[in-house]
Amino acid sequence: MDTIFRIFHHALYTRDGTVLRTLLAPIPPTGDPLLLQRVDKDSTVYDIQSDITQYIKAPQTTVPKEQRNAWIDIYVAYWKAIGEILRAESGNHRNDWAIKVYEAWKE
C-alpha cells in the first residue's frame, strides 16, 4: 500500500483529482498490473482499518484533518472491494460472487 498512499498524498498536495480517481479504479494501472494483488495482500480484514489509518494520519501527510475519516472509510471499502474482485477473477468463488463484488464495490 506504500505505493498507493505515496501517490495519494502527492495527488492531494497537487490537487490532482484525475490521479485520485485512477487510484480508486477496480483495475490495475497499465504500468503495474499486479498492484491490486499487492494491495489485497498488504493487510487483513482484522488490520485494514488501523493500517489505512496509519497511512492517512501519518505526520508527513497532506490530508486535511476534516477529511481523514472519510478517506479512511473510502480506502477500507476499496480494499474490501479489491478482495472480492480478485476472488471472483481467480475462480475461487461460489455462485454468489457477482453479488459480493457488486455489494463490495457499491460500498
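Q: How much of the chain counts as buried?
A: Of its 107 residues, 36% are buried, where buried means under 20% relative accessible area, exposed means over 50% and partly exposed lies in between, with a 1.4 Å probe and protein chains only. This is a predicted model, in which local features need pLDDT of at least 70 and side-chain atom pairs count only at pLDDT 80 or more, while totals for chains, interfaces and linings use all residues. Residues are numbered from 1 along each chain as its sequence is written, and side-chain values use heavy atoms, with hydrogens and water left out.

Q: And what is the accessible surface of the chain?
A: About 7,100 Å², and 55% of that belongs to carbon and sulfur atoms. The areas come from the Shrake-Rupley method with a 1.4 Å probe, and for residues only the protein chains shown count as cover.

Q: How many helices and strands?
A: There are 6 helices and 0 strands. These are DSSP runs (helices are H or I with at least four residues, strands are E with at least two), numbered from the N terminus.

Q: How do H1 and H4 pack?
A: H1 covers residues 2-14 and H4 residues 48-57; their axes are 10 Å apart, at an angle of about 35°. Axes are lines fitted to C-alpha atoms, for helices over the stretch in contact, and angles run from 0 to 180 degrees between N-to-C directions.

Q: Which residues meet there?
A: From H1, Asp2, Phe5, Phe8 and His9 meet Ile52, Tyr55 and Ile56 of H4. They divide into 5 nonpolar, 1 polar and 1 charged. Ala, Val, Leu, Ile, Met, Phe, Trp, Tyr, Cys and Pro count as nonpolar, Asp, Glu, Lys and Arg as charged, and the others, Gly among them, as polar.

Q: What about H1 with H5?
A: Those axes come within 14 Å and cross at roughly 145°. Ile4, Phe5, Phe8 and Leu12 of H1 make the contact with Trp71, Tyr75 and Tyr78 of H5, contact meaning heavy atoms within 4.5 Å. By class, that gives 7 nonpolar residues, no polar and no charged.

Q: How many residues are in the largest nonpolar core?
A: It has 23 residues, and Ile4, Phe5, Phe8, Ile52, Ile56, Trp71 and Tyr75 have the most contacts inside it. H1, H2 (17-23), H3 (35-41), H4 and H5 (68-90) each give two or more residues to this core, and H5 gives the largest share, 8 residues. A nonpolar core is a set of buried Ala, Val, Leu, Ile, Met, Phe, Trp, Tyr and Cys residues joined through side-chain atoms within 4.5 Å.

Q: What is isoleucine 52 in contact with?
A: Leaving aside neighbours within four places in sequence, isoleucine 52 contacts Met1, Phe5, Ile72, Tyr75 and Val76.

Q: Now the loops. Where is valine 45, and is it buried or exposed?
A: Valine 45 sits in the loop between H3 and H4. It counts as exposed because its relative accessibility is 55%. Its C-alpha is 9.4 Å from that of valine 76, 31 residues away in sequence.

Q: What is phi for arginine 15?
A: It is near 60°, a positive value in a residue other than glycine. Arginine 15 is in the loop between H1 and H2, and is exposed, with a relative accessible area of 77%.

Q: And where is glutamine 60?
A: Glutamine 60 is in the loop between H4 and H5. Its C-alpha atom is separated by 9.2 Å from that of histidine 9, 51 residues apart along the chain.
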